[in-house]
Amino acid sequence: MSDLTHHPVQHDLAPGEEEIHSVGERIVGYVVGLGLALLLTATSFFIAGTNLVWQPSIPIAIIVLAIAQMGVHLVFFLHITTGPDNTNNVLALAFGLLIVFLVVGGSVWIMSHLNENMPAMDQIMRMQ
Amino acid sequence: MAMTATYGHAHADPHHLGRAIEHPGPAPKRIVTAYGFWVFLLSDIVMFSCFFAAYAVLVGQTADGPKGSEIFEQRNVAIETVCLLLSSFTCGMASIAADVRNRLWFYLGMAVTCLLGLIFLSIEFREFADLVSRGYGPSRSAFLTAFFSLVGCHGLHVTAGVLWLLTMMAQVFAKGFRADILRRMMCFALFWHALDIIWVAVFSVVYLLGSGV
């Protein structure tokens, strides 16, 4: 186990680690990420308060912009790539996302159906 | 360059076929540590997803209390978002500085990150204090319970992150850029960037979608 010498050719990349090692290129990567993230954030805040677009499309637009911004963060700040030396990191992320979608999607789905199919609370009280 | 010259190189041999006989041995400690921390972060994100699910289910249950659109101030949220985004950037600068062992830029990057984190926390704290003083505390309605627990949980993470950040500055000051300190710095950077990703979900789902409901 060598700590000081690390050989990118021998092993996979650690999460957050970059393939490029020149300082200038790495800074440019962060600057691009920051610019894209700021752009997406500004768009979300603008979309949320505008009357220029069809109103029912706004929630979907906000969700799409949020997912896009998370992608920007993953690529430019956490340096998750599709490269073969990143497979372990991507697979762990994919499994985490699966659980997240099961928990959030499942809860929203089940609870909205329960809400529709159950009588209101005061009606239950009257039935007893 | 001939292909045979680069054979065995990870990028020329993505499926490790050339190294099937000669196993490279265990991964270096920095990869093992960072990967373990990555798995922890993903489990933390799974925990946050439970709070998000609770918020999504309870967002309409206001018990005649205030709705999201009545209590959220978009301007504050925008400032908080910009603070966290910039702090993610300066945290990246600090980790580059740590990799090239440049103390000045490391301290500078970390100090700016800390400052932006503290601005974020103070805005959030004032928002919470204001809501509680108006009688809209977490016990007012199920919606407010879900709101305070989700946003407050993120705020607690940021607080922990700021403490960790100061610890990293002190450790670099006392021990220098040793291999173990650099591993901790790497985990800290992962943690801080992950908090920013969670904040993206918070401001989109809670503040922007919530004020439309």
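1. Chain B has six helices and zero strands; helices (H or I, at least four residues) and strands (E, at least two) are DSSP runs, numbered from the N terminus. Read from the N terminus on, the order of elements in chain B is α-α-α-α-α-α. This is a predicted model, in which local features need pLDDT of at least 70, side-chain atom pairs count only at pLDDT 80 or more, and totals for chains, interfaces and linings use all residues. Residues are numbered from 1 along each chain as its sequence is written, and chains are lettered from A and ligands numbered from 1 in the order in which they are written.

2. Of the 213 residues in chain B, 40% are buried (20 or more other C-beta atoms within 10 Å of the residue's own, with C-beta atoms placed from the backbone). Among contacts in chain B with a separation of 6 or more, 79% join residues 24 or more positions apart. Two residues are in contact if their C-beta atoms, placed from the backbone, lie within 7 Å.

3. UniProt, in an unreviewed entry, places "domain: Heme-copper oxidase subunit III family profile" at residues 35–211 of chain B. UniProt annotations may be inferred rather than shown by experiment. That span is 86% helix and 0% strand, and its end C-alpha atoms lie 38 Å apart.

4. How do H3(B) and H6(B) pack? Their axes come within 10 Å and cross at roughly 160 degrees; axes are lines fitted to C-alpha atoms, for helices over the stretch in contact, and angles run from 0 to 180 degrees between N-to-C directions. The two helices are therefore roughly antiparallel to each other (an angle over 145 degrees). Residues of H3(B) that take part include B:Leu84, B:Ser88 and B:Cys91, and those of H6(B) include B:Trp192, B:His193 and B:Asp196. By class, this contact has twelve nonpolar, five polar and one charged residues. Ala, Val, Leu, Ile, Met, Phe, Trp, Tyr, Cys and Pro count as nonpolar, Asp, Glu, Lys and Arg as charged, and the others, Gly among them, as polar.

5. Between the chains, 46 residues of chain B are in contact with 48 residues of chain A. On chain B, the elements giving two or more residues to this side are H1 (29–58), H3 (74–99) and H6 (179–212). H1(B) gives the most, with 16 residues. The chain B side divides into 34 nonpolar, nine polar and three charged residues.

6. For chain A, an unreviewed UniProt entry lists "transmembrane region" at residues 27–48, 60–78 and 90–111. Residues 27–48 of chain A are 100% helix and 0% strand, with end C-alpha atoms 32 Å apart.

Conventions: Parallel < 35°, antiparallel > 145°, perpendicular 65-115°, else oblique. Buried ≥ 20, exposed ≤ 12 C-beta atoms within 10 Å, placed from the backbone.
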